[in-house]
Amino acid sequence: MTAPRFDELIHAPTRLAIVSLLAASEWADFAFIRDSVGLSDSALSKQLATLEDAGYVEIRKSFVGKRPRTSAALTAAGRAAFDGHVAALQEIVSRAGASVLPR
Amino acid sequence: MREEMRAEEAAQALAGIRERQEQVINVAVPPARFWWLLATLTVAFAAAVESRRPLVIGVGTALFVAGVLASLAWALRRAMRVQVRNELLGWRGGMLIAGFALLTAGGSIAVGFSLSAAGVPHPATLGNLFGAILLVAGGPLLMRALRRIMLDRSGAAQ
């Protein structure tokens, strides 16, 4: 059971969307994250850099043939922070009862 | 913890998390037409082999190989975009996949051999047809069950 810990850095809507995608994956391609979240390349790079600076995300650059490929993965610290954040959100909801559960 | 956060806001955040995780899981789950393609390929291949006519066997084999390669390329292209976390499937998911594979392969072989023993013509085609029906009917059900397992294990379930 993960201890609830609200994380302000993760909770920002765009970063929460990115981290949620990464939490369900071993790694995700830059283009997949960009298209799924609906961000421009530069906006996504900025958000990923913020998460990387916090130690939550690892950026990997590689080549497929001659094409550069960038992917991102959650680090162990990022996964722990995400799990704690989800537990904190669940705690807030459960304190209020089932009436606020989304569809 | 941010005490001032409203429960509605937290619930919305959790729903958003689940939605994003569904996006990742949906990439890993093949659509229903995949099962139709697989079923058609196996039945057509068995029928071609049982025709015993070299030209039909040649064309059937070529189509089968082309179909398998096309579906592999499609799966590979999807896999290049994102890799779903391995542990989301869990032992239950693994057992479901193994059980389904055993059921379809074992069922096809058992029906094929039984029909052959009974002297029914085209036993391999009919055996594969049985397996194909299982694939088309059970494949989407299996995917739905796996999708539910992965979502439940993704952590955002409430």
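Author: In this predicted model, Ala28(A) has Ala72(A) in E3(A) as its bridge partner. That pair belongs to the contact between strand E1 (residues 25–29) and strand E3 (residues 67–74) of chain A. The two strands run antiparallel, and 2 bridges join them.

E3(A) has another partner. Strand E2 (residues 57–64) of chain A pairs with E3(A) over 8 bridges, again in the antiparallel sense. Within this pairing, Leu74(A) in E3(A) stands opposite Val57(A). E2(A) and E3(A) form a hairpin with 2 residues between the strands. Gly65(A) takes a positive phi there, near 70°.

Now return to E1(A). This strand also pairs across the chain boundary, with E1(B). The sense is antiparallel, and the count is 3 bridges. Ser25(A) has Val84(B) in E1(B) as its bridge partner. E1(A) therefore pairs with both E3(A) and E1(B).

In total, 30 residues of chain B are in contact with 27 residues of chain A. On chain B, helix H1 (7–28) and strand E1 (82–84) each supply at least two residues of the side that touches chain A. H1(B) gives the largest share, 15 residues. By class, this side of chain B has 16 nonpolar, 9 polar and 5 charged residues.

Note on methods. Residues numbered from 1 in each chain as written. Chains lettered and ligands numbered in written order. Predicted model: local features only at pLDDT ≥ 70, side-chain atom pairs only at ≥ 80, totals over all residues. Helix = DSSP H or I, 4+ residues; strand = E, 2+ residues; numbered from the N terminus. Contact = placed C-beta atoms within 7 Å. Nonpolar A, V, L, I, M, F, W, Y, C, P; charged D, E, K, R; others polar.
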